[in-house]
Amino acid sequence: MKKKFLVFSACSLILSVLIFILTYFIFHYLTPDGFTSVCLTKPCKPFVTLLFGILGTLFLFSGISSFFISLIFYKK
């Protein structure tokens with residue numbers, strides 16, 4: 001069971017990093033017409049960026065909490 005928690009933790013952390021990278025590109029490169037190659041200083045879709053950021057944070061929290069659960073409750 002400890003191995004399952006550790007695998008889940010690693011997958012959640014990898015997903016959170018990928019979502020944060022996607023959030024960066026949405027924040028800087030998404031316009032109402034689609035993606036652009038020019039880096040924007042102000043987001044055109046801040047609500048969408050916020051939702052992806054929250055999703056990444058939830059995956060980060062679940063990865064960290066499952067890692068600590070595997071360390072605390074399953075010694076060997």
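Accessible areas here come from the Shrake-Rupley method with a 1.4 Å probe, and for residues only the protein chains shown count as cover. On that basis the chain has an accessible surface of about 5600 Å², of which 79% belongs to carbon and sulfur atoms.

This is a predicted model: local features need pLDDT of at least 70, side-chain atom pairs count only at pLDDT 80 or more, and totals for chains, interfaces and linings use all residues. Residues are numbered from 1 along each chain as its sequence is written, and side-chain values use heavy atoms, with hydrogens and water left out.

**Whole chain**

Start with the C-alpha trace, which spans about 55 × 20 × 15 Å along its principal axes. Colour by secondary structure: the chain holds 2 helices and 2 strands, where helices (H or I, at least four residues) and strands (E, at least two) are DSSP runs numbered from the N terminus. Their order from the N terminus is α-β-β-α. The radius of gyration is 16 Å, well over the 11 Å that the globule rule gives for 76 residues, so the chain is more spread out than a compact globule. That radius is taken over C-alpha atoms, and the rule is 2.2 Å times the number of residues to the power 0.38.

**Helix H2**

Select 46–73, which is helix H2. Its 28 residues reach 40 Å from first C-alpha to last, close to the 40 Å expected at 1.5 Å a residue; the expected span is 1.5 Å times one less than the number of residues. Now pick Thr49, Gly53, Gly56, Ser62, Gly63, Ser66 and Ser70, which are buried. Buried means under 20% relative accessible area, exposed over 50%, and partly exposed in between (1.4 Å probe, protein chains only). The buried residues of H2 pack against H1.

**Helix H1**

Go to Thr23 in helix H1. Thr23 counts as buried because its relative accessibility is 10%. Beyond its neighbours within four places in sequence, Thr23 is in contact (heavy atoms within 4.5 Å) with Thr49, Phe52 and Gly53.

Next select Leu13, also in H1. Leu13 is partly exposed, at 31% relative accessible area.

**Nonpolar patch**

Show the surface and select Leu6, Leu13, Phe20, Leu60, Ile64, Phe67, Phe68, Ile69, Leu71, Ile72 and Phe73, which make a nonpolar patch of about 920 Å². H2 gives the largest share, 8 residues.

Note on methods: Patch = residues over 30% accessible without salt bridge, like charges linked within 9 Å, V, L, I, M, F, W, Y side chains within 5 Å. Salt bridge = Lys/Arg side-chain N within 4 Å of Asp/Glu carboxyl O.
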